[in-house]
Amino acid sequence: MPITRSATAPAATAPALSPRRRMLVLAICCMSLFIVGLDNTIVNIALPAIRRDLNASVSGLQWIIDAYTVVLASLLMLAGSTGDRVGRRRTFQTGLTLFTLGSLMCSLAPSLGWLIAARALQAVGGSMLNPVAMSIITNTFTEPRERARAIGVWGAVVGVSMALGPLVGGTLVGSVGWQSIFWINIPVGVAAFVLCALFVPESRSPRPRRADPVGQLLVIVLLATLTYAFIEAPAAGWGSPRTLGCFAVAALALACLAPYELRRAEPLIDLRFFRSVPFAGATVIAVCAFAALGGFLFLNTLYLQDVLGLSALHAGLYTLPMAALTVVCAPLSGRIVGNAGPRVPLLLAGVTMTGSGLIMTGLSADTPIWQLMAAYVLFGLGFGMVNAPITNTAVSGMPRAQAGVAAAVASTSRQIGQSLGVAVLGALVTSAVVGPFATGFPAASHVAWWVIAGCGLAIVLLGILTTTGWARHSAARTAERLAQASDRTADTS
């Protein structure tokens with residue numbers, strides 16, 4: 001006799017926790033998210049110092065960022081399903097161990113190659129933290145309103161950690177050296193490991209998804225070749241066989257991935273999720289927002305230190321308005337989403353990020369400080385507003401057993417966006433520089449700032465589209481179909 005399981009049954013086997021214990025679990029998950037998010041951006045401010053010490057090119061600097069984000073994006077889905085299968089706490093603690101070890105190796109790296117390899121190890125560990133922690137949260141906070149607020153806190157931590165990166169990094173690089181930006185991960189990682197062992201109960205999915213090695217390989221090939229093509233194209237040539245070959249391999253991987261995943265009963269990326277307009281929109285919003293962030297931080301660091309000649313500390317202080325606005329707006333956005341939905345934060349985010357990009361389209365070596373500050377304020381406000389609605393919109397309406405997978409796709413979209421932002425915008429600017437880098441950079445960067453403004457405009461349009469009644473109805477239909485499919489699969493297991 002087949003055993004049936006309700007698709008809406010809890011995906012975790014842990015017992016109900018007291019309110020205080022739930023808050024501790026949320027705090028531990030946010031600790032892991034904080035160091036992963038901080039590491040996404042703290043490295044940017046150290047790039048000029050790393051370039052001097054390790055004799056790195058601009059493409060080498062791009063790889064320091066993208067080795068982390070590409071590996072992270074490639075493995076997030078695998079890590080989420082692994083947590084469901086072998087245990088979320090066990091996977092979470094393994095991720096903390098690898099991330100902490102990778103951070104130590106980064107601080108000891110004797111060359112650019114070693115640093116890039118250590119960054120990749122960091123990312124392997126980081127991939128086990130975000131989706132698994134989100135799955136822990138969604139199964140710890142079972143009441144919808146309470147869960148929405150917890151997800152709002154989660155989204156706020158994403159924004160705060162990434163906004164504080166340049167400020168914290170500038171202070172550390174200016175006072176201790178670039179190696180110190182990796183030291184701060186070590187005590188936080190160790191503390192989170194111990195607290196996790198003490199307070200986070202072990203849990204698994206009642207029916208974990210099967211591994212999808214072919215789909216995983218196709219995702220890695222797609223992201224790696226696409227990123228390599230963009231980063232290396234300015235040096236190799238956009239029409240060179242190497243560049244065109246990488247683009248061709250990426251296109252082939254994408255062409256194989258979609259039909260292969262559609263044929264699988266339990267795919268790595270469940271394309272049925274994208275029938276939900278809010279989910280599909282949240283995915284694109286995440287790519288746009290984080291492409292804008294990655295490009296903004298990368299270009300701004302080079303401008304402040306290479307063009308204006310500021311120290312890492314002073315460059316970090318220049319970004320203080322952006323960090324402050326993100327710190328203020330990120331928790332406010334979470335509260336707005338929990339009480340009134342995601343439309344208002346998304347519209348505010350899109351409008352202000354567009355305005356920030358437009359201000360920077362006239363960048364020159366003589367741009368007034370007030371103009372830079374206005375751009376930083378607007379971008380900080382926009383980025384602070386955008387994170388909470390991304391995650392909330394992605395998981396909205398999904399069955400609770402699918403919430404972790406939906407959140408993992410949203411997290412993957414963030415990393416893909418940041419990878420492409422650094423790769424594409426960096427390549428556009430590098431290709432357009434005429435003469436010495438420091439003098440040619442401001443004019444060459446104009447096209448990149450227009451792209452960032454375009455990303456903000458896309459967020460505005462998608463923010464309107466994904467919050468309509470039609471969009472919510474599509475999410476409800478998708479959730480119902482997923483639940484029915486899950487029931488059918490359980491009946492045959």
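Gly 463 is buried, at a relative accessible area of 0%. The model is predicted. Gly 463 belongs to helix α18 (residues 446-465). Beyond its sequence neighbours up to four places away, Gly 463 touches Ile 285, Arg 343 and Leu 346. Its C-alpha atom is separated by 8.5 Å from that of Ala 282, 181 residues apart along the chain.

Thr 225 sits in helix α9 (residues 213-236). Its relative accessible area is 16%; the residue counts as buried because the cut-off is under 20%. The side chain of Thr 225 reaches the backbone oxygen of Leu 222 at 3.4 Å. Leaving out residues up to four places away in sequence, Thr 225 touches Cys 246, Val 249 and Ala 250.

Salt bridges come next. The count is three.

| Pair | N to O distance |
|---|---|
| Arg 119 and Asp 39 | 2.5 Å |
| Arg 51 and Asp 306 | 2.3 Å |
| Asp 212 and Arg 264 | 3.5 Å |

Arg 119 pairs with Asp 39. Arg 119 lies in helix α4 (residues 112-127) and Asp 39 in helix α1 (residues 19-54), so this bridge ties together parts 80 residues apart in sequence. Arg 119 is buried, at 0% relative accessible area. Asp 39 is buried too, at 0%.

Arg 51 pairs with Asp 306. Arg 51 lies in helix α1 and Asp 306 in helix α11 (residues 277-307), so the pair links parts 255 residues apart in sequence.

Asp 212 pairs with Arg 264. Asp 212 is in the loop between α8 (185-199) and α9, and Arg 264 in the loop between α10 (241-263) and α11, so parts 52 residues apart in sequence are tied together. Asp 212 is buried at 6% relative accessibility, whereas Arg 264 is partly exposed at 23%.

Conventions:
Residues are numbered from 1 along each chain as its sequence is written. This is a predicted model: local features need pLDDT of at least 70, side-chain atom pairs count only at pLDDT 80 or more; totals for chains, interfaces and linings use all residues. Side-chain values use heavy atoms; hydrogens and water are left out. Helices (H or I, at least four residues) and strands (E, at least two) are DSSP runs, numbered from the N terminus. Buried means under 20% relative accessible area, exposed over 50%, partly exposed in between (1.4 Å probe, protein chains only). A polar contact is a pair of N or O atoms within 3.5 Å; within protein, one must be able to donate a hydrogen and the other to accept it, and residues adjacent in sequence count only if both atoms are side-chain atoms. Contact means heavy atoms within 4.5 Å. A salt bridge is a side-chain nitrogen of Lys or Arg within 4 Å of a carboxyl oxygen of Asp or Glu.
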